Amino acid sequence: MATSSSSSSSSMLSTSSSWREGMSSDNVKGLVLALSSSFFIGASFIVKKKGLKKAGASGVRAGSGGYSYLYEPLWWVGMITMIVGEIANFAAYAFAPAILVTPLGALSIIISAALAHIILRERLHIFGVLGCALCVVGSTTIVLHAPQERVIESVPEVWGLAMDPAFLFYAALVITATFILIFHFIPLYGQTHIMVYVGVCSLVGSLSVMSVKALGIAIKLTLSGMNQLIYPQTWVFALVVTVCILTQMNYLNKALDTFNTAVVSPIYYVMFTTLTIVASVIMFKDWDRQSPTQVITEICGFVTILSGTFLLHRTKDMVTDGSSITRLNKHSEEDVFDDVEGIPLRRQDSMRTAL
């Protein structure tokens, strides 16, 4: 009995020690920044929507082509809040692995849904609560088993990782697939198949996150007294970030303008997050420093987040009516416009909606 108790105690101590090693000071900083980013971004949608409603009450609604919200201070508060969130997200990549930071973006959905329930009186039904719970469980699982951040001393060291044959092969595949989608599939299927536009955004996005992380590391080292701006590789990473983000914004806007946001958002989140994790695992060798059990646990946590995200998006137009839950008419006039972003969404035929 004493031997069994001693074995159990040593096992618990080993697990605790392993957890502490995984959550290095850099990981903690990245986690805090990622959580802060999710809070600011999630809250920004609510503040912006309040501003849009206030502006729409005295002028032309954004969904109807009006720009009166540009004169509404509340909308600008929401925009500034979103910018702060994006800056925090950028900084998080400088401290923690992408496999920890990227999936936590789903928490902004929870914060947005919770604040909408409290502030905008948009009722969160039981499926929404379950989706939020799944996202929290999945995020907690990833945080507890995330790999320790790789110690990097200079930008040339990051450049060496980017020049690794395995990552070069991945980057070549991504660039080739992106060009094929842009020049062959988009002219033929861009208006009917959602995966075309979203595919371009997700593929390019995985490279942009790797470059953002490299640029974040350069800025962090520079601020600590080791100037990285003298290296040409730093400016190459900055150029890649600029090109990738502009490409993402262009094709994401096309996707939002062509298809329903409720369909675009979860698909984009799944593809973008999955490809980003794959790119990070290849470039920064995140899983090389972990046991198979930790890797499998992280994958399970990621799948749990995906399930919660899909549940939130697929059931967000449901309302509780007494003891039953019904889905709002998708073809209602109010659903034609996305009030949060003010982007008109064209209603497609039944086949396109099914995609």
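Helices here are DSSP runs of at least four residues, numbered from the N terminus. The model is predicted.

Helix 2 covers residues 25–58 and includes serine 38. Serine 38 has a relative accessibility of 4% and so counts as buried, the limit being under 20%. Beyond its neighbours within four places in sequence, serine 38 contacts Leu104, Gly105, Leu107, Ser108 and Ile111.

Three salt bridges occur in the structure. One joins aspartate 26 to lysine 220, with the closest N and O atoms 3.8 Å apart. This pair links distant parts of the chain. Aspartate 26 belongs to helix 2 and lysine 220 to helix 9 (residues 194–223), 194 residues apart. Aspartate 26 is partly exposed, with a relative accessible area of 23%. Lysine 220 is also partly exposed, at 22%.

Another salt bridge is formed by the side chains of glutamate 72 and lysine 54, at 3.9 Å from N to O. Lysine 54 is in helix 2, whereas glutamate 72 sits in the loop between helix 2 and helix 3 (73–95), so the bridge ties together parts 18 residues apart in sequence. Glutamate 72 is buried, with a relative accessible area of 10%.

Aspartate 164 and lysine 285 also form a salt bridge, their closest N and O atoms lying 3.7 Å apart. Both residues are in loops: aspartate 164 between helix 7 (155–162) and helix 8, lysine 285 between helix 11 and helix 12. The pair therefore ties together parts that are 121 residues apart in sequence. Aspartate 164 is partly exposed, at 25% relative accessibility.

Aromatic pairs number eight. In one of them, the ring centres of phenylalanine 39 and phenylalanine 40 are 5.9 Å apart. Their planes meet at 70 degrees, so the pair is edge-to-face. Phenylalanine 39 is partly exposed, with a relative accessible area of 45%. Phenylalanine 40 is partly exposed at 30%. The rings of phenylalanine 167 and tyrosine 170 have centres 6.1 Å apart and planes at 35 degrees, so this pair is tilted. Phenylalanine 167 and tyrosine 170 are three residues apart in helix 8 (residues 165–189), and therefore about one helical turn separates them. Residues three or four places apart point the same way because an α-helix has 3.6 residues a turn. Phenylalanine 167 and tyrosine 170 are both buried.

A charge also sits over a ring: lysine 213 lies over the face of phenylalanine 284, 5.4 Å from the ring centre.

Phenylalanine 272, in helix 11 (residues 261–283), is buried with a relative accessible area of 17%. Lysine 254 lies in helix 10 (residues 232–258) and is partly exposed, at 34%. Lysine 254 and valine 198 are 56 residues apart in sequence, with their C-alpha atoms 9.2 Å apart.

Helix 12 (residues 292–314) has 23 residues and should span 33 Å at 1.5 Å a residue. Its end C-alpha atoms are 33 Å apart, which agrees. Buried residues in helix 12 include Val295, Glu298, Phe302, Ile305 and Leu312.

No disulfides were found, a pair of cysteine sulfur atoms within 2.5 Å being required. Cysteine 201 is buried, with a relative accessible area of 1%. Cysteine 300 is partly exposed, at 45% relative accessibility.

Key
Residues numbered from 1 in each chain as written. Predicted model: local features only at pLDDT ≥ 70, side-chain atom pairs only at ≥ 80, totals over all residues. Heavy atoms only, no water. Helix = DSSP H or I, 4+ residues; strand = E, 2+ residues; numbered from the N terminus. Buried < 20%, exposed > 50% of the residue type's maximum accessible area, 1.4 Å probe, protein only. Contact = heavy atoms within 4.5 Å. Expected span 1.5 Å × (residues − 1). Phe/Tyr/Trp six-rings, centres within 6.5 Å; stacked < 30°, edge-to-face > 60°. Lys NZ or Arg CZ within 6 Å of the ring centre and 35° of its normal. Salt bridge = Lys/Arg side-chain N within 4 Å of Asp/Glu carboxyl O.
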